[in-house]
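Have a look at the sequence and coordinates first.

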Amino acid sequence: MEVFYLLCSILFTFFTSLTLSLLLPFRFLLTRHRLPLSTSQFEPVSLYEGTVWHERRRPVRHSFRYSVCYALFDLDHAPNTPPDHLSADEARRITKTDGPVFLLTIPPSVGYEQNPLSLYYCYDSEGADKLLKKCIAEVTNTPWGERVSFVFDRNSDLVAKPLHVSPFMDMLGSWSLRANAPGQNLLVTISVQHPELGDYFLATLKAKRVSLEAVHDHALYFWLMPHKIALWIYWHALKLWWKNVSFIQHPRYTNPSYREEALNRDRNLQCCPGLRQNKDEHMQVGGSNSATEAERYHGERFFVWKDAKWPWC
C-alpha cells in the first residue's frame, strides 16, 4: 500500500510541478516591474545559501554534499509563511519564551514541499536585546510522510532518536544537536551516537545570508529546490543499498510501541547526571490519525508526532 501511495504522490507532484513551472515565466513578467524589496534594517524574511554535508562512517563509509537554499521567516512579521508549521505563539508556548521566533525552512516550490529539517529559533527578550534560548527541530521522513517536533538546547543537546528517518538506520541511536544564532552565517550540526556503532553519522548545514537585492523573485529563487532534495535522498538511498547496507523496516510494523520507547530513552538521557542536570521532560505523544493529541508533562522536553502534509514523496 505504501508503494501505491508513493507512486500516486510522485505522479501528482510531477504533473502539478510541471504545470506550475510552465506558468512561472508569466508570473515573472507580471511582477518584474514591482517595487524593489525594502533595504531597511528590518526584514521579515532572510535568505540563505549553503551546503548540506552527510557523512556515514560505519558499517560502510559513505558521504555526500549538496547545495541548498533556505528562508528564515520572522513569524511575528512575515506576511506569507509556509503552511503546516507552528505559529510564533505556539512556539513561544512550547519553549516558554517571550521574544521573537524565526523559522528556518525551505518554502514549497511549484506545489511540492520537502523539508527533512526545519528549525524554530525561539528568543527571550532582555531589555533592548534578545537572547536565543531554545530551538524546536521539525524532522520529516521520506517517503513515510511522518513528522516529529521536539525542543532542544541550541548550545548542545542529546535527544533520543524519535523518528525512523532512514531504512538504513535503526532506532537505537541518539541525536546530538547544536545550532548557532542565525546572523550572516548559519550552522546546524547533528551527529548520531549509537550504542554499538558509536558516533557513526554526521550531518551539517552551513549557510551564508544572501542580499535580498540580488533576489528578484522568491518563486524563481527556490524553484525545484524541494524536488532536488528528494532526488538526493532517493539517489543516495540507492547507493547505500548497492553497498549492501542492511535494510531496516519501519518499526511501526515490528514494534508499534517504538515512540514510547523513544520517550523512555530520552527520559534516561535527561536523568543521567553526566549528560543533564536538573532537567525533567515535557513530552507530547500524538497518534497520526487522532484528531486530538494526548499530552504528557514531565518538565521541559517536548515531543509531538504527526503526519506531514500530502504529497509526501
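Which residues of helix α2 (residues 88-95) are buried? They are A88, A91, R92, I94 and T95, where buried means under 20% relative accessible area, exposed over 50% and partly exposed in between (1.4 Å probe, protein chains only). Bear in mind that this is a predicted model: local features need pLDDT of at least 70, side-chain atom pairs count only at pLDDT 80 or more, and totals for chains, interfaces and linings use all residues. Residues are numbered from 1 along each chain as its sequence is written, and side-chain values use heavy atoms, with hydrogens and water left out.

**Helix α2**
- Helices (H or I, at least four residues) and strands (E, at least two) are DSSP runs, numbered from the N terminus.
- Looking down the axis of α2, the buried residues fall within an arc of 165° (directions from the helix axis to the C-beta atoms), so they line one face of the helix.
- D89 and R93 sit on the other side of α2 and are exposed.
- The cover over the buried residues includes β3 (101-105), β4 (117-126), β5 (129-140) and β6 (146-152), with contact meaning heavy atoms within 4.5 Å.
- Just after α2, K96 has a positive phi of about 60°.

**Salt bridges**
- There are nine salt bridges in the structure, each a side-chain nitrogen of Lys or Arg within 4 Å of a carboxyl oxygen of Asp or Glu.
- R92 pairs with D76 at 2.9 Å, N to O; R92 lies in α2 and D76 in the loop between β2 and α2, so the bridge ties together parts that are 16 residues apart in sequence.
- R92 also meets D89 at 2.8 Å, N to O, and both lie in α2, three residues apart, about one turn of the helix.
- R92 counts as buried at 15% relative accessibility, while D76 is partly exposed at 34% and D89 is exposed at 55%.
- E55, R57 and R61 are linked in a network of salt bridges.

- Zero disulfides (cysteine sulfur pairs within 2.5 Å) are present.
- C122 is buried at 0% relative accessibility, and the nearest cysteine sulfur, that of C135, is 7.0 Å away.
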